[in-house]
Structures are given as C-alpha cells and as structure tokens.
Protein chains: 2
Amino acid sequence: MGKQMTEMLKGTLEGIVLAILAVQPAYGYDITARLRERGFTDIAEGTIYALLVRVEQRGLVDVEKVPSEKGPPRKVFTLNERGRGELEEFWRTWSFLAERIEQLHQTDETEK
Amino acid sequence: MGKQMTEMLKGTLEGIVLAILAVQPAYGYDITARLRERGFTDIAEGTIYALLVRVEQRGLVDVEKVPSEKGPPRKVFTLNERGRGELEEFWRTWSFLAERIEQLHQTDETEK
DNA sequence: ACCACTACAAAGTAACACTGAGTACCGGTA
DNA sequence: TACCGGTACTCAGTGTTACTTTGTAGTGGT
C-alpha cells in the first residue's frame with residue numbers, strides 16, 4: 001500500500017470500522033471482507049484485529065463469542081452506547097477536516 | 001486538541017502544508033499563521049517545523065534564507081517539482097479515501 | 001493425510017503529531 | 001538601561017497508530 005494511504009488511515013480507520021459496525025454487528029474476519037467490498041483492498045487482517053482489541057479495551061463495543069461452522073469461534077463485535085458517541089465525534093472531526101481540505105483543494109486547482 | 005483530530009492529521013497535515021506552499025512560498029512561522037486563518041487554530045508551531053524538516057530532507061521543497069526585520073532570518077520554502085508530484089499523489093489518495101468515507105457516512109446516516 | 005479457507009493473536013517496526021523547553025533577534029516603553 | 005512582547009526557528013522525548021510477519025487452530029473436501 002502507498003505510504004501516504006498508510007498514514008492517512010491512522011485516525012480514520014478506527015472510525016471506518018466503527019461505522020461498519022454501526023450498520024450491523026460483525027466479527028474480525030467479516031469486517032476485513034466488508035472493507036474489501038468497499039474498496040479498501042489492501043488492509044491487512046492483523047491491522048483489523050489489533051484495532052478491535054483497542055476499541056474493545058476502550059469499551060466502545062460489546063463482545064460475544066459465537067461458534068462457527070468453518071473455523072474457530074467468532075468474536076462478534078456490537079457497537080454500544082459509548083461506541084456510538086465515539087462514532088458521532090468521529091463524524092464531526094471528519095467533517096471539520098474534510099471541509100477545510102476540500103477548500104484547499106479548490107484553491108490549489110484554480111492555481112494551475 | 002482532540003485526540004481524534006491529532007490522529008486524523010497524521011498523513012493529511014503534510015498534504016495541507018504542501019498545498020499551502022503550492023499557492024505561494026512561505027516560511028514556517030507564516031505557514032502556522034495561514035493554517036490558523038484556515039481554521040486549524042490548534043496546530044503547534046513545533047509540529048510545523050518538524051514537518052518542514054522532513055519535507056526538506058525528502059527534497060520536496062527548495063529552501064532560501066531571507067533576512068527578516070523582526071527576528072531571526074526566515075527559511076522560505078518553495079514547492080519544487082518533486083513536491084508538486086507528491087502533492088498530486090496526496091490529492092489522489094485523499095480523494096480515494098474521502099469518497100469511500102463519505103459513502104459510509106451516508107449509509108450510517110440512513111441507518112438512524 | 002493433505003490442503004484451502006476460515007478465524008484469531010501477538011511481537012516488533014516505522015512514521016507521525018504533540019508537548020515543552022530553549023535560543024535568538026528586534027522594536028518599543030518605562 | 002532594562003525589560004517585555006512579538007517574531008522565528010530548534011530539539012528531545014512521548015504516545016498512538018498501521019504494517020509486517022509469524023503462529024495457532026478448527027473445518028471441510030479430495
């Protein structure tokens with residue numbers, strides 16, 4: 001993956017995952033699959049699991065072990081109240097940043 | 001500054017500064033001022049100077065020392081050819097990410 | 001018995017923004 | 001003269017994050 005993308009995902013990837021969980025509860029392996037569907041083809045599994053450990057420790061999700069027919073038991077993550085709060089703040093922060101960057105983009109374009 | 005914003009700036013702040021330099025050459029202190037004008041009121045000076053050292057070492061900018069009437073000499077940074085290339089890649093990466101996140105934002109909104 | 005796919009875990013690395021402190025130069029004021 | 005506010009740059013140390021790599025383990029098909 002490009003280095004720029006790697007750096008840009010820092011701070012956004014967590015929000016992306018929370019947003020995916022907001023749509024519907026999911027387990028790690030499933031989340032990486034959904035990310036790939038949405039165009040994030042190069043995100044390593046290990047990255048997602050590490051991120052899930054963090055959000056669990058911070059109490060943003062509830063966890064439930066569910067047996068699987070094809071492999072080890074699944075850890076299903078559900079966004080809880082705190083998680084929803086965090087996600088809302090993520091959208092606020094994102095909107096703030098995106099607006100200002102888009103403004104710069106326009107200025108930059110017109111310079112050409 | 002909020003922790004989320006701090007993390008989100010990773011990978012984007014460099015692009016933001018390059019975009020500002022694309023409009024017009026500037027020195028560190030000036031760049032922080034322009035950032036504040038554009039709404040980034042909480043970005044520490046030290047952060048900008050460290051970033052400028054990095055982009056200089058990577059050869060994205062040309063540097064010129066210019067004496068100042070009110071303080072130490074200014075290090076004026078001008079975006080060069082490599083810097084413009086990097087900036088273009090930044091916009092590509094940004095657009096890719098922003099599109100997908102906005103898509104998620106919509107999905108998330110309609111869920112409510 | 002082997003292999004592919006599913007599913008999770010963990011250690012080590014690199015990159016980045018922040019904090020806080022420090023240096024230095026100038027002009028104005030008391 | 002002595003001080004202070006504004007300008008301008010530097011640097012060491014900290015915490016967080018995503019990536020890489022490797023390993024473990026269960027299931028089903030051939």
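1. In this predicted model, the protein surface near DNA strand C comprises 11 nonpolar, eight polar and nine charged residues.

2. Specific polar contacts to DNA strand C may be listed for both chains. The side chain of Lys10(A) places an N or O atom 3.1 Å from a base nitrogen. The side chain of Lys10(B) has an N or O atom 3.2 Å from a base oxygen. A polar backbone atom of Leu9(B), by contrast, lies 3.2 Å from a phosphate oxygen.

3. Elements giving two or more residues to the surface near DNA strand C are, in chain A, helix H3 (28-37), helix H4 (45-57) and strand S3 (74-79), and, in chain B, helix H1 (3-9) and helix H4 (45-57). H4(A) gives the largest share, three residues.

4. Between the protein chains, 38 residues of chain A are in contact with 38 residues of chain B. The buried area is about 3,900 Å², with carbon and sulfur atoms giving 69% of it. Eight residue pairs are in polar contact across this interface, both at pLDDT 80 or more, while the count of salt bridges is zero.

5. On the side of chain A that touches chain B, helix H1 (3-9), helix H2 (13-23) and helix H5 (81-111) each give two or more residues. The largest share, 20 residues, comes from H5(A). By class, this side has 18 nonpolar, eight polar and 12 charged residues.

Notes
Residues numbered from 1 in each chain as written. Chains lettered and ligands numbered in written order. Predicted model: local features only at pLDDT ≥ 70, side-chain atom pairs only at ≥ 80, totals over all residues. Heavy atoms only, no water. Polar contact = N/O pair within 3.5 Å; in protein donor to acceptor, adjacent residues only side chain to side chain. Helix = DSSP H or I, 4+ residues; strand = E, 2+ residues; numbered from the N terminus. Nonpolar A, V, L, I, M, F, W, Y, C, P; charged D, E, K, R; others polar. Contact = heavy atoms within 4.5 Å. Buried area = accessible area lost by both parts, 1.4 Å probe. Salt bridge = Lys/Arg side-chain N within 4 Å of Asp/Glu carboxyl O.
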